[in-house]
Amino acid sequence: PNKVLLDTAKPVVKFDKKLKEILKAMEETLRATKDPIGVGLAAPQVGLSMRIFQMKPTLKSPVTSYINPVIDSTSSEQEIPHFTNSENVEEKKPESSKNKLLEGCLSIPDIWGNVTRKKEVTLSWQDENENHFKQTFTGFPAIIVQHEVDHLNGILFTKHVMSQGEKLFKSHKNKEGEDEFEEIQI
């Protein structure tokens, strides 16, 4: 992977016109992802060492930008995501994943894995006008927040899959255009 994906991103210090242009370009990129549908995008994924990510947890959600985000606290409870609400994202579940939703990443196409994440996270961040916010996220948005903050810290989801002793899968389309999954032997 590109080295920027493995490094800690730098804090945003200039809240100017260029930052707004970056946010607009990132939003266009996130909205353009179709297979799979993107739900989050961090600046390192577009080659920028900046502590920025954007999130769009459902098809109808607006894209929200998080600048200089910090996870202030997490629940002690962990969650292996199980979703049946198609409002969230395309569900990716190979037979051997025991109906768990697989986590994937736009930076590692067609690779999926089970990741246990904290059930709840409290995040502090700034918007493009330097306003400060704090919010607690649960469920699918909490998973996205953790995944994207990991990107800002140079951590790819595959590291969690491996450290948690889970499996990785590679997807491909069958003749009907549906996703099929094959376990990757590591």
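A residue counts as buried when its relative accessible area is under 20%. Met26 is therefore buried, at a relative accessible area of 1%. The model shown in these views is predicted.

Figure 1. Along the sequence the pattern reads α-β-β-β-β-β-β-β-β-β-α-α-β-β. The protein has 186 residues, and buried residues make up 47% of them. Its accessible surface comes to about 10000 Å². Carbon and sulfur atoms account for 50% of that surface. Take the contacts between residues at least 6 apart in sequence: 65% of them join residues at least 24 apart.

**Figure 2. Five strands form an open sheet in the order β1-β2-β3-β8-β9.** The pairing is antiparallel. Strands β1 (40–42) and β9 (132–138) stand at the edges. Each has a single partner strand, so one side of each lacks a neighbour in the sheet. From one strand to the next, the twist averages 40°. Helix α1 (residues 17–32) packs on this sheet and touches β1, β2 (52–55) and β3 (64–74). The direction of α1 makes about 40° with that of β2. Helix α2 (residues 139–152) packs on the sheet as well, touching β1, β2, β3, β8 and β9. For α2, the angle with the direction of β2 is about 155°.

**Figure 3. Strand β2 pairs with β1 and with β3.** Strands of a sheet pair through backbone hydrogen bonds, either parallel or antiparallel. Between β1 and β2 there are three bridges, in the antiparallel sense. Here Gly40 stands opposite Met55 of β2. Between β2 and β3 there are four bridges, and these strands also run antiparallel. Phe53 has Tyr66, in β3, as its bridge partner. In a regular strand the side chains alternate between the two faces of the sheet. In β2, Ile52 and Gln54 point one way, while Phe53 and Met55 point the other way. All of these residues are buried.

**Figure 4. Strands β8 and β9 pair over seven bridges.** Strand β8 covers residues 120–126, and its pairing with β9 is antiparallel. Trp125 has Phe133, in β9, as its bridge partner. Strand β9 is at an edge of the sheet, with a single partner strand.

**Figure 5. Met26 sits in helix α1.** Which residues does Met26 touch, not counting those up to four places away in sequence? The answer is Leu41, Ala42, Ala43, Val46, Ile52, Phe53 and Gln54. Met26 and Ser65 are 39 residues apart along the chain, and their C-alpha atoms are separated by 9.3 Å.

**Figure 6. The largest nonpolar core has 17 residues.** In soluble globular proteins, nonpolar side chains tend to be buried together. Within this core, Phe53, Met55, Tyr66, Leu123, Phe137 and Val145 touch the most other members. The elements β2, β8 and α2 each give two or more residues to the core. Its largest share, six residues, comes from α2. Leaving out residues up to four places away in sequence, Val145 touches Phe53, Met55, Ile71, Val121, Leu123 and Phe137. A second, separate core holds 13 residues, including Val12, Phe15, Leu19 and Ala43.

**Figure 7. Ser75 lies in the loop between β3 and β4 (78–79).** Is Ser75 buried or exposed? Its relative accessibility is 14%, so Ser75 counts as buried. The side chain of Ser75 reaches the backbone nitrogen of Lys119 at 3.3 Å. Apart from neighbours within four places in sequence, Ser75 is in contact with Lys118, Lys119 and Glu120.

**Figure 8. Four strands form an open sheet in the order β5-β6-β10-β11.** Pairing in this sheet is antiparallel. Which strands stand at the edges? They are β5 (103–104) and β11 (179–183). Each has a single partner strand, so one side of each is left without a neighbour in the sheet. Strand β10 (residues 168–173) and β11 run antiparallel and are joined by five bridges. Lys173 stands opposite Asp179 of β11.

Conventions
Residues are numbered from 1 along each chain as its sequence is written. This is a predicted model: local features need pLDDT of at least 70, side-chain atom pairs count only at pLDDT 80 or more; totals for chains, interfaces and linings use all residues. Side-chain values use heavy atoms; hydrogens and water are left out. Two strands pair if DSSP finds at least two bridges between them. Axes are lines fitted to C-alpha atoms, for helices over the stretch in contact, and angles run from 0 to 180 degrees between N-to-C directions. Contact means heavy atoms within 4.5 Å. Buried means under 20% relative accessible area, exposed over 50%, partly exposed in between (1.4 Å probe, protein chains only). Accessible areas come from the Shrake-Rupley method with a 1.4 Å probe; for residues, only the protein chains shown count as cover. A polar contact is a pair of N or O atoms within 3.5 Å; within protein, one must be able to donate a hydrogen and the other to accept it, and residues adjacent in sequence count only if both atoms are side-chain atoms. A nonpolar core is a set of buried Ala, Val, Leu, Ile, Met, Phe, Trp, Tyr and Cys residues joined through side-chain atoms within 4.5 Å.
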